[in-house]
Amino acid sequence: MSEHDAHRTPVSLSSVSANDPRLQPAAKNPGTVEGVIAVTFVVGALLVAGFGASYWVNAKPWILGATLGGGLFFLGVGLVAWGKYLMPRGPFVEERHALANSQSDRDAFAAAIVERGGGVLKRRKLLGGLLGGGLGIFSVVALFPLLRSLGPLPKGTLFHTDWRAGTYAVDQTGRRIHHGDLSVGSIVTVFPEGTENTDRGQAVDQTVLIRISNDNFTTQKGRESWGPQGYIAYSKLCTHLGCPVGLYEQQLQLLVCPCHQSMFNATNGAIPQFGPAPRPLPQLPLYIDGQGYIRAQADYDQPVGPGFWERA
Amino acid sequence: MSDGATTKRQQKAALGPYGKVGKALNELDDRLGVARGGRTFMDKIFPDHWSFMLGEIALYSFVILLVTGVFLTLYFVPSSAIVTYHGSYLPLDGQKVTQAFESTVNLSFAVRGGLLMRQMHHWACDIFVGAIVVHMARVFFTGAFRKPRELNWTLGVTLLILAIANGFLGYSLPDDLVSGTGIRIAYSIMLSIPVVGTYLAFFVFGGNFPGTAVIPRFFILHVLIVPLIIIALVSAHLFLLVRQKHTQFPGEGRTEKNVVGSPMFPVFMAKTTGFLFIVGGVTALLGAFAQINPIWQFGPYDAARISYAVQPDWYMGFLDGALRIWPSWSFMAFGHTIPLEVTIPAVVLPGILFNIAFAWPALERRLTKDHEIHHLLDRPSERPRRTAAGASVLTLLAMLFIASSTDVIANFFHLSLNTVLLMMRILVIVTPILAYPVTYLICKELQGVKGGGKRKTPNLVTRTEEGEYLASATPPYRDDRPHEIEPAPVPIFIEPEPDEPTESGVRTVER
């Protein structure tokens with residue numbers, strides 16, 4: 001073992017003498033290192049001061065960040081270098097004592113709990129049971145106001161929307177949709193009249209209105225009268241996770257959800273064509289009234305949006 | 001004059017050899033009795049290996065989160081009330097937005113330093129979760145979680161979950177189009193849980209989505225309740241670390257009964273404080289030069305609008321990916337629906353993953369029948385089965401993460417979305433299965449490599465007087481010399497270290 005190696009054997013800090021080489025810096029040329037660190041500290045201090053100045057004059061955010069970040073970075077690098085190269089190089093060792101106590105200590109501890117506690121409880125089983133019962137009731141009862149006051153029971157808009165027989169379809173600005181408004185192949189998001197600016201209208205009632213052709217269009221059996229003059233409407237809530245089915249692929253006539261890429265065939269009852277959505281988008285039955293406005297025949301025949309336990 | 005000097009010297013002598021500091025410490029010890037414990041703490045030894053720094057990154061990015069977060073709470077208004085925006089960002093002028101959105105835009109543009117603080121906060125969060133994951137990988141692959149540190153591993157996994165949860169809560173607060181879509185998805189995931197889902201969702205959101213309760217509720221969770229729990233658990237995490245002392249890699253002079261490294265004061269304190277500054281500095285530089293979450297470009301949330309390529313923060317990516325590639329198998333019967341296409345990837349899958357993480361120390365104890373106390377770390381190649389299992393899970397997570405950008409991949413490589421989806425479905429299953437044997441074999445090979453994992457030493461080339469060149473090997477570096485590991489019983493599951501091969505070029509590979 002060489003001279004240098006002997007000094008590399010770890011020793012305990014408490015046994016180290018003042019002139020021990022392990023207390024010397026690790027750097028070969030401490031003077032040079034000190035100079036370099038001094039430079040990083042000066043740069044760091046200047047940048048941090050620059051941060052103060054740029055804050056004072058309300059400089060651009062990137063200047064604030066550059067001065068703050070650069071300043072902290074240089075101060076940090078200098079400090080790490082100081083610790084690494086100029087402080088006692090070690091290595092030092094610390095003894096690790098077993099955490100476990102002697103068996104007699106353990107037994108005494110266990111005895112204190114088991115014998116004292118067990119004795120008390122065993123002798124007074126009735127009291128223990130009654131107290132436990134009382135606390136149990138309290139913990140269940142305490143949950144009621146905590147949970148119940150958090151929100152209403154799941155009803156209402158979970159199962160039906162604001163579309164009713166005769167409701168006018170309006171766009172986001174509240175304008176009623178006339179049967180001449182859309183050219184074939186175009187699409188618009190509609191709401192039941194009066195809900196277009198409400199959270200509920202946007203989150204629950206949102207519906208896509210597509211003009212597929214110029215003739216009455218039937219998507220599926222039993223829906224012969226639902227698509228007058230080629231207008232068909234589907235709930236805009238994806239049946240996967242409720243994102244708005246916001247994209248329309250005109251050539252393939254697919255409605256696409258940008259969240260998880262579910263695709264629905266607009267010409268065939270919005271049956272899911274691709275992706276994770278499990279169910280077709282519910283279709284809204286439409287009719288065109290005497291003045292040519294597009295209105296709903298009724299609400300959706302099923303809950304809109306993603307699946308849940310109570311959904312039949 | 002001389003009188004004054006004497007008095008000064010006397011006063012100094014009366015203070016004792018350590019001056020005013022010593023006196024103050026004496027006063028403190030009179031009252032709290034901290035001298036002996038304090039000395040022990042100052043002498044606490046920290047191993048010098050770089051991998052021990054990963055946890056520090058997590059800790060310091062959390063400190064930055066607290067500091068920048070306090071700044072943000074001074075300006076953020078957690079309210080869903082609708083206001084008309086008339087701020088300094090003109091493209092949004094006149095739009096109806098929530099107060100949460102308005103105040104976030106205002107604190108970005110009108111508050112001095114606000115944008116920097118917001119971006120630092122967001123970056124620090126991404127770094128926080130990332131550092132926890134990398135730190136956890138270090139602890140896993142080196143076996144630092146083994147007895148007696150199982151409890152600290154459990155605390156760590158809990159902290160990861162809390163960090164992810166709080167990250168999501170904070171990401172949701174500005175009420176912009178992208179985060180609002182994220183909340184919408186979180187709502188639908190709650191809704192998907194059988195039997196109690198609708199109640200859970202209605203109670204969390206105070207009614208059907210979106211309601212007006214969710215922003216204030218998320219706010220108080222994000223700024224008070226979850227951070228308090230995180231602070232408590234981090235304190236416990238560090239307390240256990242001090243109580244149980246650090247683990248260390250084996251090396252000359254390092255045994256199961258000691259810790260070798262640098263003392264707490266002043267060496268480690270200087271290094272770690274410097275490192276805090278470096279982490280803060282890098283975060284500030286990211287905040288200055290790398291834009292993150294520009295909510296004014298996304299616009300305010302509107303449940304009927306959506307934007308293309310919506311993706312969550314990186315740590316939610318694996319969930320989003322799982323949701324994208326899981327097939328559309330819904331269960332509908334007996335008047336009930338179980339949306340398995342949501343419940344399995346978004347509830348069951350993370351449940352299984354985190355439960356495996358919680359259970360791993362006990363699981364490994366059972367498999368290896370190793371109930372010994374371990375303070376010396378494993379090299380990952382020494383424990384091929386554990387390393388292979390970890391690599392397999394990480395591969396699965398990486399594939400799920402990639403699957404969260406199927407649409408971007410399809411666009412970028414001009415592939416059909418169907419092809420990408422099918423490809424990801426195959427990769428998610430195949431690659432983790434392949435990762436196991438491949439990692440296992442690599443570990444086995446590494447075990448057989450002579451001097452594997454050790455630094456190469458230079459060859460000394462000498463020229464004789466006759467002009468003949470001779471090469472001779474120099475001795476290995478000190479830390480790389482063969483060392484005695486405490487003869488702890490080696491269980492059957494864990495393979496013993498192979499013997500050093502004797503001839504050069506001959507590898508002994510145990511199979």
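This is a predicted model: local features need pLDDT of at least 70, side-chain atom pairs count only at pLDDT 80 or more; totals for chains, interfaces and linings use all residues.
## Briefing on chains A and B

Among the contacts in chain A that link residues at least 6 apart in sequence, 53% join residues at least 24 apart.

**Chain A overall**

- Chain A carries six helices and 13 strands.
- With 312 residues, chain A would have a radius of gyration near 20 Å as a compact globule, but the model gives 37 Å.
- Laid along its principal axes, the C-alpha trace of chain A fills a box of roughly 105 × 75 × 45 Å.
- As for burial, 37% of the 312 residues of chain A count as buried.
- Chain A splits into domain 1, covering 3–93, and domain 2, covering 161–296.
- The C-alpha centres of those two domains of chain A are 66 Å apart.

**Chain B overall**

- Chain B has 17 helices and eight strands.
- Its C-alpha atoms take up a box of roughly 85 × 85 × 55 Å along the principal axes.
- Of the 511 residues in chain B, 40% count as buried.
- Domain 1 of chain B runs over 2–33, and domain 2 of chain B over 49–309.
- Between the C-alpha centres of domain 1 and domain 2 of chain B there are 47 Å.

**Where the chains touch**

- On the A side 75 residues are in contact, and they meet 80 residues of chain B.
- Four elements of chain A each put at least two residues into the side that touches chain B: α3 (61–86), β2 (92–95), α6 (199–205) and β10 (271–274).
- The biggest giver is α3(A), which supplies 18 residues to that side of chain A.
- Sorted by class, the residues on the side of chain A that touches chain B come to 43 nonpolar, 21 polar and 11 charged.

- Helix α5 (residues 99–109) and helix α6 (residues 114–141) of chain B have axes that come within 5 Å and cross at roughly 115 degrees.
- That angle is why α5(B) counts as roughly perpendicular to α6(B).
- On the α5(B) side the contact uses L107(B), S108(B) and F109(B), while α6(B) brings G114(B), L115(B) and R118(B).
- By class, that contact of α5(B) with α6(B) is made of three nonpolar, two polar and one charged residues.
- A110(B) sits in the loop between α5 and α6 of chain B.
- A110(B) has 14 C-beta neighbours inside 10 Å, so it counts as partly exposed.
- Once neighbours within four places in sequence are set aside, A110(B) is in contact with G87(B) and S88(B).
- The pairing of A110(B) with S88(B) spans 22 residues in sequence but 7.1 Å in space, C-alpha to C-alpha.

**A spot on α10 of chain B**

- A236(B) belongs to helix α10 (residues 214–244) of chain B.
- There are 15 other C-beta atoms within 10 Å of A236(B), and therefore A236(B) is partly exposed.
- A236(B) and N152(B) are 84 residues apart along the chain, yet 8.3 Å separates their C-alpha atoms.

**Cis peptide bonds in chain B**

- The bond from K147(B) to P148(B) is cis, with omega near 10 degrees.
- P148(B) is in the loop between α6 and α7 (150–172) of chain B.
- Another cis peptide bond links F265(B) and P266(B), with omega about 5 degrees.
- P266(B) falls in helix α11 (residues 264–289) of chain B.

- D175(B) is not a glycine, but its phi is positive, at about 60 degrees.
- You'll find D175(B) in the loop between α7 and α8 (177–191) of chain B.
- D175(B) counts as buried because it has 26 C-beta neighbours inside 10 Å.
- F334(B) also has a positive phi, near 55 degrees, in a residue other than glycine.
- F334(B) is placed in the loop between β5 (331–333) and β6 (336–338) of chain B.
- With 7 C-beta neighbours inside 10 Å, F334(B) counts as exposed.

Definitions and conventions
Residues are numbered from 1 along each chain as its sequence is written. Chains are lettered from A and ligands numbered from 1 in the order in which they are written. Domain bounds come from an automatic or database domain assignment. Axes are lines fitted to C-alpha atoms, for helices over the stretch in contact, and angles run from 0 to 180 degrees between N-to-C directions. Angles under 35 degrees count as roughly parallel, over 145 as roughly antiparallel, 65 to 115 as roughly perpendicular and the rest as oblique. Two residues are in contact if their C-beta atoms, placed from the backbone, lie within 7 Å. Ala, Val, Leu, Ile, Met, Phe, Trp, Tyr, Cys and Pro count as nonpolar, Asp, Glu, Lys and Arg as charged, and the others, Gly among them, as polar. The radius of gyration is taken over C-alpha atoms; the globule rule is 2.2 Å times the number of residues to the power 0.38. A residue is buried if 20 or more other C-beta atoms lie within 10 Å of its own, exposed if 12 or fewer, and partly exposed in between; C-beta atoms are placed from the backbone.
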